[in-house]
Amino acid sequence: MAIDHYKLLGRSGLRVSPLSLGTMTFGSDWGWGADGDEARRIFDLYVDRGGNFVDTSVNYTDGGAERLLGTFIGDKRDRIVLATKFTMARDPSNPNSGGNHRLNMVRSVEQSLAQLSTDRIDLLYLHAWDMTTRPDEVMRALDDLVRSGKVLYLGICNTSAWRVAQMQTLADIRGWSPFVALQIEYSLVERTVEHELLPAAAALGLGVLPWSPLGGGVLTGKYSLADVEDSREAAVSASRKGVIAASGHLNKRAIEISSEVKAVAEEANATPSRVALAWTLANPAVVSSIIGARTLGQAEDNLKALDLRLKSEQLDRLNRISEPSPVFPDRFTQRPLVQQLIFGGSAVERRE
């Protein structure tokens, strides 16, 4: 695998790199990101190696990430598949500055176009389901943006599988623009998406893009049991450790998984970060994993994950220690007794 061996994004014909450059770390406005000069070095490294898929959001570092990208891209614009997101509130005092409704969607896109200094967004994501807007309003408004030429492709993040399926079906029935990408948290410490979201993506023609494939940094091996913490803070922490604690990943089980990642890394003469990334890339549902480096050295190391092919025995060990508990209905229907009741004594080929 190589950064310039491009993959097709879901049901679309769009060609994207197997590692995406995430930019939530671009800008120091939140207290722990890369400053402008370091962010520029990371961007140049990624693009010079052949990477073409850059991920951002209207609200990352309070708009700073998009503004930096707008200055970095310059004459490289047509080489870059530029993805951004809407949903998150841009003005905490204005209730309509966040959400998935048409007003915020359109205003967010206008703000992103200005911050990015571009005339189009190649891939626009709904950032998270807002629990208020009707699906038909969302899909019709998204389709209008595509028809206007301001947006070319659509994706969705952080939304239940049944809701994604409802919205995709609605788009197909009405002849509106469909989703082609599903961005979800997926790593060795967050595998519950395997129950519903990954199968839904395969059935609906969505390319999967894992965010936080390093488990927020837990899988890099820099934390121990002494660091275990569960934070309920609502504000964005000024420290990276605080952000991870707020995500719920700084727990005993995650540290145990991290220890196995470190052991595999030592055997493979690699770093834990490369192992964690290589594990996500081994899943055929994954089109492109999103890397979010704060330093040039971290970016260099992440890109080397493409050179690592884990042995089947190593994958098995990582899968066993991180395996999520089964959930209903699979927990019930996959039991031998229920399989016998469904199929009787017949051997029948299964469809996933």
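Residues are numbered from 1 along each chain as its sequence is written, and side-chain values use heavy atoms, with hydrogens and water left out. Because the model is predicted, local features need pLDDT of at least 70 and side-chain atom pairs count only at pLDDT 80 or more, whereas totals for chains, interfaces and linings use all residues.

The axes of helix H8 (residues 252–268) and helix H9 (residues 272–281) come within 8 Å and cross at roughly 100° (axes are lines fitted to C-alpha atoms, for helices over the stretch in contact, and angles run from 0 to 180 degrees between N-to-C directions; helices are DSSP runs of H or I with at least four residues, numbered from the N terminus). H8 is therefore roughly perpendicular to H9, a term that covers angles of 65 to 115 degrees. In this contact, defined by heavy atoms within 4.5 Å, Val261, Lys262, Val264 and Ala265 of H8 meet Pro272, Val275 and Ala276 of H9. The residues involved comprise six nonpolar, no polar and one charged, where Ala, Val, Leu, Ile, Met, Phe, Trp, Tyr, Cys and Pro count as nonpolar, Asp, Glu, Lys and Arg as charged, and the others, Gly among them, as polar.

Val146 lies in helix H4 (residues 135–148). Leaving aside residues up to four places away in sequence, Val146 touches Val151, Leu152, Leu154 and Ser177, while its C-alpha atom is separated by 9.5 Å from that of Leu124, 22 residues apart along the chain.

Technical notes
Helix = DSSP H or I, 4+ residues; strand = E, 2+ residues; numbered from the N terminus. Parallel < 35°, antiparallel > 145°, perpendicular 65-115°, else oblique.
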